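Please consult the sequence and structure shown here while reading.

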2 protein chains.
Amino acid sequence: MNPPRRLVPFFLLFQLALLPAGTLAQLVNTDYHALAEKISRKGLMENYAYALLSRLTRIGPRLTGSPQAAAAVELMRQEMLDLGLENVHLEPTVVGRWVRGEVEEGRLVSSLLGTIPLSICALGGSIATPEDGVQAGVLEVKSFQELQALSDKARGKIIFFNRPMDPTHIDTFQAYSEAAEQRVLGAVEAAKAGGVAALIRSLAFGESDFPHTGLMKYSPDAVQLPSAAISTRGANILSRSLKNDPELIVYLRTSCVTLSPVTSYNVVGEIKGTEKPDEIILLGAHLDSWDLGEGAHDDGAGCAHVIEALRLLKLTDIHPKRTVRGVLYMDEEFGGTGGRDYARSERRKGERHLAAVESDRGGFLPVGFGVGGGDAVERKVQSWHPLLQRLGIYWIKPGGGGVDISPLAESGTVLMEMVPDSQRYFDAHHCSQDVLAAVHPRELELGAIAMAVLGSLLAQEGI
Amino acid sequence: MNPPRRLVPFFLLFQLALLPAGTLAQLVNTDYHALAEKISRKGLMENYAYALLSRLTRIGPRLTGSPQAAAAVELMRQEMLDLGLENVHLEPTVVGRWVRGEVEEGRLVSSLLGTIPLSICALGGSIATPEDGVQAGVLEVKSFQELQALSDKARGKIIFFNRPMDPTHIDTFQAYSEAAEQRVLGAVEAAKAGGVAALIRSLAFGESDFPHTGLMKYSPDAVQLPSAAISTRGANILSRSLKNDPELIVYLRTSCVTLSPVTSYNVVGEIKGTEKPDEIILLGAHLDSWDLGEGAHDDGAGCAHVIEALRLLKLTDIHPKRTVRGVLYMDEEFGGTGGRDYARSERRKGERHLAAVESDRGGFLPVGFGVGGGDAVERKVQSWHPLLQRLGIYWIKPGGGGVDISPLAESGTVLMEMVPDSQRYFDAHHCSQDVLAAVHPRELELGAIAMAVLGSLLAQEGI
């Protein structure tokens, strides 16, 4: 009654036939296959990643600088201690603080169509509207180029950026990256054109009524305008209404505020290497989240991946040659200070970070790893693919990185990234739908298992 | 602003370098790449599969022989006509009829623990309990072997089959196949041991309170016992309670009934081949479902895949050389009569079914195709993998089939199967959770796109 075990030899032989002879000998000698099997069975049997994520999400959303973010730091520090990790400590990082406030109102008012409520939310970092709101006509555009061409019509208007994410991309992150400039720089472009506020179509597919927040930026060269996201449904209503009544008015009111910076922390814990303790394999994710939803996929899932990977490595008695370190970074969403401060810290003296693997694409089915560092590194990781493939990892490709770990690249660290399937990610991303119920226990656990196996290979074999 | 198009040549060249020269020439000449791109863009832009599934599930569950199944036949027939498919017709099949009835009650009664309700449902095909229910002590077993060894303790008892699906299998269908005999043959084994009813742990992972139904069978060699599924949570409660009070009593009451057979229909429609109209490429799924939930994943999703694949082929003006036929089978869940009657029908005279591709594993992210027919066939389909890989199809492996299309194997049809990722499937399978809300529009559409592209390759190239 154990068919998977029976199937292994055939499958492994088939895969190994494609590898260079040296790699074959090495994999068989050190019995990584048995290790991967042990990690996988233990993980799927216990589903610990989901239990941990459940405790983390119960704190509520973990906006950088918030009391909940501080609670999450303490929860994860205690968790690392309870799991018996070594060198558990906090590393300070001073983070910006922004609070949404109680008031978020949007509506369109038309003499032809009546009054229609619009579902909006302030974008992260935005100033508030004046206390009695902004009320103005609307100019709809799909791009900054279009706005510049229409700039004579922009003065005094709310600039409505309505370019949808392109649904024809199978990789949804590609669609996101093509549309995200509207959110990040929309307020700057709107100000340059003489607008009074920026209203941005939420970065999501389909039609739903949840506005998606996210970071926006100001420029010293332009006045600061209030900037808000509108749900995709709201954007569709507004766009249709403008066709029927170009003279309609939109009313926006928000009460968000930027407060003084505070000290927060990256949370660090590790399994010390037995032979080369100063060579570090870093598994990373970010502990802060946006303030809508519970930050379950973004990036509670990544934190659960990191902690569960370390737990599995510890429980399977691997005693890695190199140190495997988990770092839960603060402030990925709001400035990336945690990642920069970690890389710059005095504590890094005498440490050599060989590789850093980030998980920041949600807790969905893991399908691949992006691997930086060039051809030779990619070939080495490719030689491990048979082991990862049995865990559901379909591909290893060039690429990899992530906001938190990217400051390590300067000192020669190879950056990698775990890539889950992306179809559902932008349903939850930065909105009220990013909750535990949107995470599947087995999909989440498979991500942790893949991180653990890659982490152990990196720790034993180097890169 | 169209990076995917820009990326194509590099990607395609890289993939094509791995193919034999003949295949390379052929793929380039007929420009299948452009075709796949067109199908994919159209599908993802319009998301028609989900809109269709939404209309289908609004009918309610489609238990074989039920009025809802008849409504679904008519909906799909009209749909095929409205889409301009050819040779749209119904093929009769006489199906069994079983109705759940109004009463489903379960509880455990213990002098130590009190009375605890248990969430149960009758299994498909079961007789009802007597009108005042069955009330008896419980024997818990994990296997038929264990039951046989304990047969002296079984007499007069409710036999509680409590072997969980093994969560350590990454392929959840493997776990299902190892546990399913309890549901199918539990009542027979319970009767042989002298039991009075069979109570089966639902075939699902984790702990939830939804009982999962499914087909059970009787044997002429054993008396017929009422047979019911208990939710995994109920099974855990009952198992724990038995440890504390082995003398506890379980009370079961069901009112299901088997009625006389009725005539139902397979729904057929096609795009006629321009060169070899009698050579058929069949895309199949089943239209009937269980009576809990909405049959959204099982197998409404498959029906949406089939219809949407035909719609996409029609809209992209492929004019296939061979006929591409969609068949929505009746009665997969309750006996497979639709599949057998289709294969045996007089209408098959003069037709040659080259290949049949079934979708009956839900509407989740498509990841692979199982391909029967031996090495040469598999190599041919493998040579198409670069085209399918761009659509997210990670693998082509030996295997494939499905209840509906398997009777075609006798006449030499190559059987294939689309395989979506399986992690979430058994959350919904045969229970009240199999609803439209559990289906993701993009995941569903990607399945239809993959079916359309494979179907067009089979229609143009044969097998």
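Domain bounds are taken from an automatic or database domain assignment. The model is predicted, so local features need pLDDT of at least 70 and side-chain atom pairs count only at pLDDT 80 or more, while totals for chains, interfaces and linings use all residues. Residues are numbered from 1 along each chain as its sequence is written, and chains are lettered from A and ligands numbered from 1 in the order in which they are written.

Q: How far apart do the C-alpha centres of domain 1 of chain A and domain 2 of chain A lie?
A: Chain A is divided into domain 1, covering 3-95 + 260-461, and domain 2, covering 101-255. The C-alpha centres of these two domains of chain A are separated by 36 Å.

Q: Which C-alpha of chain A is nearest the axis relating the two copies?
A: Copies are superposed by least squares on the C-alpha atoms of residues with pLDDT of at least 70 in both. Chain A superposes on chain B by a rotation of 180° with 0.0 Å of shift along its axis (RMSD 0.0 Å). The two copies are therefore related as by a two-fold rotation axis. At 3.3 Å from this axis, the nearest C-alpha in chain A belongs to Tyr394(A).

Q: How are helix 3 of chain B and helix 15 of chain B oriented to each other?
A: Helices (H or I, at least four residues) are DSSP runs, numbered from the N terminus. The axes, lines fitted to C-alpha atoms over the stretch in contact, with angles running from 0 to 180 degrees between N-to-C directions, come within 9 Å and cross at roughly 150° for helix 3 (residues 32-46) and helix 15 (residues 441-461) of chain B. Angles under 35 degrees count as roughly parallel, over 145 as roughly antiparallel, 65 to 115 as roughly perpendicular and the rest as oblique. Helix 3 of chain B and helix 15 of chain B are therefore roughly antiparallel.

Key: Helices (H or I, at least four residues) and strands (E, at least two) are DSSP runs, numbered from the N terminus.
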